[in-house]
Amino acid sequence: MPSKVEGWKDEVYGTEIRDHLLEFAEDGWESIPEDERDAWFERFKWWGLYHQRKGQESYFMMRIGTPMGRITPEQLRVVGELAAEYATGPAENPEWGGAYCDWTTRQSIQLHWIELQDVPDIFEELEANGLSTIQACGDSWRNIVGSPLAGRDADEHLDVWPLVQELNDEFNGNPAYSNLPRKWKVSVTGDTRGSGQGDINDLAFEPATKELDGETVKGFNVRVGGGLSRKEPRLARDVDVFCRPERMTDVSAGISALFRDYGDRDDRFNARIKFLVDEWGTEKLRRVLQEEYVDYDLPTAGEDLRDQYDYNAGRADSTGDYIGVHEQADGQYFLGLSVLMGRTSAADTIALADLAEEYGSEMVGITQRQNLVVADIAEADLEDFLAEPLLERYAPDPHPFMRGSIACTGTEYCSLSIVETKNRMVRYARWLKENVPVPEGVEDFHIHLSGCTASCAQPQIADISLRGMKTRKDGEPVEAFDVGLGGGLGENPQFADWVEMRVAADEVPGYIANLLETFEVRREDGESFRDFVARHDEEALQTLADPEETSYHDPFMHNTKMTWYPYAEEDGLDASPAPSGEPADD
């Protein structure tokens with residue numbers, strides 16, 4: 001029997017949601033019948049709107065899809081201006097103020113505190129500037145991820161930007177693929193860094209070569225069924241298919257249609273393609289793809305380039321990310337700027353757009369590590385650009401603990417999260433910077449903090465993984481984290497080993513300090529942290545360090561999920577300025 005959500009989608013879904021959304025916007029929040037709100041909130045996701053959590057009724061998060069994280073300076077300015085005008089909330093965040101932009105691990109943009117009546121004006125402004133929220137959420141093709149520097153990166157196998165544009169044009173808003181069993185995440189990697197992080201995507205195209213008809217052809221190997229959520233992570237499986245660039249759309253259509261037709265619509269918990277791959281195996285998936293969905297003979301897989309991958313790979317010899325100053329293929333330069341927790345104030349967003357435009361940039365990129373890249377800077381302008389005051393906050397040479405820190409939205413806005421995240425991770429990173437020596441040779445150290453098991457901060461692929469939990473301390477309930485070690489991608493991807501359960505949040509920095517001290521003492525010459533973890537079994541990992549109280553003070557130990565906003569002076573649910581939720585009288 002189809003799930004409740006499938007029933008809602010059968011009634012209204014896809015592009016037709018927009019007309020209903022605009023009607024509700026015209027008539028106001030109260031016009032959504034209370035007993036239909038769950039259904040409409042689920043449908044609104046298709047147009048990039050998530051209703052915020054309890055205590056924030058009538059407010060929405062809006063997600064803007066930007067394929068491979070590419071926008072122009074002009075578009076960046078528009079986003080900053082929209083944040084300032086429409087995304088200023090009723091209470092300020094102590095770190096970022098009242099209006100800001102979030103840059104996500106899937107290279108999208110998120111704005112908070114959006115009110116329904118403002119959605120039409122926001123849509124109009126976005127669409128007038130080549131931006132859209134369509135399918136940024138919902139059960140459909142999501143934002144395609146990959147390198148924002150495609151076509152500019154000197155370390156490149158193929159320029160995939162034209163291919164990604166073709167995929168976006170084909171599948172964004174296409175009725176044949178707009179109602180899938182669940183979300184559909186696609187990665188296209190054209191560089192040799194592995195920056196598309198294909199291993200954790202539903203469908204991944206990864207660089208490869210193959211001898212075909214007597215010539216060496218550059219193309220892609222295909223992997224299917226990766227994902228991190230639900231405490232059941234999967235690495236994408238090789239389905240033994242080599243894809244020429246000109247066949248990418250055909251293969252994508254075939255595999256996403258296969259998922260559409262065979263994915264589980266009865267149980268949303270099992271509706272991701274990773275579970276279908278578990279059930280069928282890769283050989284059956286390939287056979288069904290060939291027999292039912294593709295009208296040419298699929299070549300077997302080619303020779304991959306995974307031995308060159310260094311993006312989020314935990315290698316001691318290369319950081320692999322985009323932070324810093326890098327020469328482009330055309331002789332100009334791109335600068336990777338560290339964005340603390342993937343968030344910039346509206347004012348700084350506009351200032352960065354102005355700066356990029358002033359220096360002649362044609363593209364600003366969002367990376368999967370929540371950082372920003374400014375491309376197309378002339379060599380003669382580098383010194384002046386690097387001296388700009390704005391770069392003191394968004395440094396191209398950040399401290400390793402700042403460079404490697406990622407956090408999801410957390411209880412600030414998310415109904416799934418059970419702990420506060422972004423402001424806590426800021427405090428963790430600053431305390432570690434001031435109090436913990438960086439092990440010799442470590443340029444970046446990845447700490448990912450996720451508020452729950454949904455894994456939006458991708459905790460399983462970090463040096464240190466933090467997953468939100470609850471525990472009791474001194475007889476009182478407090479926020480806490482499970483701690484994992486040694487995750488990362490690269491040639492041989494590995495999920496973190498979970499070694500400590502329910503560590504009180506204020507004891508996590510002490511645990512990390514003790515762990516890094518052990519690492520420094522016991523590591524072998526030049527050994528990376530990931531390799532250090534890998535040579536210990538699970539029992540040994542549990543003895544490497546203990547949680548400990550330190551000088552670190554955590555202001556969010558109480559149950560932030562039961563506040564209307566964790567940083568409000570009066571944060572109780574009864575102090576919320578949001579409407580009561582009661583529908584208007586007829």
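Contact here means heavy atoms within 4.5 Å of each other. The model is predicted, so local features need pLDDT of at least 70 and side-chain atom pairs count only at pLDDT 80 or more, whereas totals for chains, interfaces and linings use all residues. Residues are numbered from 1 along each chain as its sequence is written, and side-chain values use heavy atoms, with hydrogens and water left out. The secondary structure comes to 16 helices and 20 strands, where helices (H or I, at least four residues) and strands (E, at least two) are DSSP runs numbered from the N terminus. The radius of gyration is 23 Å, close to the 25 Å that the globule rule gives for 586 residues, so the protein is as compact as a globular protein of that length; the radius is taken over C-alpha atoms, and the rule is 2.2 Å times the number of residues to the power 0.38.

**Overall form and surface**

- Along its principal axes, the C-alpha trace of the protein spans about 70 × 65 × 55 Å.
- Of the 586 residues, 62% count as buried, a term for under 20% relative accessible area, with exposed meaning over 50% and partly exposed in between (1.4 Å probe, protein chains only).
- The protein exposes about 22400 Å², of which carbon and sulfur atoms supply 43%; accessible areas come from the Shrake-Rupley method with a 1.4 Å probe, and for residues only the protein chains shown count as cover.
- Among contacts between residues at least 6 apart in sequence, 72% join residues at least 24 apart.

- Strand E11 (residues 324-327) and strand E12 (residues 333-337) run antiparallel and are joined by four bridges, two strands being paired if DSSP finds at least two bridges between them.
- Gly324 has Gly336 in E12 as its bridge partner.
- Five residues lie between E11 and E12 in this hairpin, and Gly331 in the turn has a positive phi of about 90 degrees.

**Helix H13**

- The 14 residues of helix H13 (residues 422-435) should span 20 Å at 1.5 Å a residue, and the end C-alpha atoms are 20 Å apart, which agrees; the expected span is 1.5 Å times one less than the number of residues.
- The buried residues of H13 are Lys422, Asn423, Arg424, Met425, Val426, Tyr428, Ala429, Trp431 and Leu432.

**Cysteines**

- With a disulfide taken as a pair of cysteine sulfur atoms within 2.5 Å, the count comes to zero disulfides.
- The sulfur of Cys101 is 16 Å from the closest cysteine sulfur, in Cys137, which is too far for a bond.
- Cys137 is likewise in no disulfide, the nearest cysteine sulfur, that of Cys456, being 11 Å away.
- Cys101 is buried, with a relative accessible area of 0%, and Cys137 counts as buried at 0% relative accessibility.

**Gly488**

- Gly488 is placed in the loop between strand E19 (476-485) and strand E20 (497-504), where it counts as buried at 1% relative accessibility.
- Not counting residues up to four places away in sequence, Gly488 touches Asn312, Gln460, Ile461, Ala462, Pro493, Gln494 and Arg530.
- Gly488 and Glu156 are 332 residues apart in sequence and 22 Å apart in space, C-alpha to C-alpha.

**Leu573**

- Leu573 belongs to the segment after helix H16 (538-541) and counts as partly exposed at 26% relative accessibility.
- Leaving aside neighbours within four places in sequence, Leu573 is in contact with Lys54, Gly55, Met562, Thr563 and Trp564.
- The C-alpha atoms of Leu573 and Gly194 are separated by 44 Å, the two residues being 379 residues apart along the chain.
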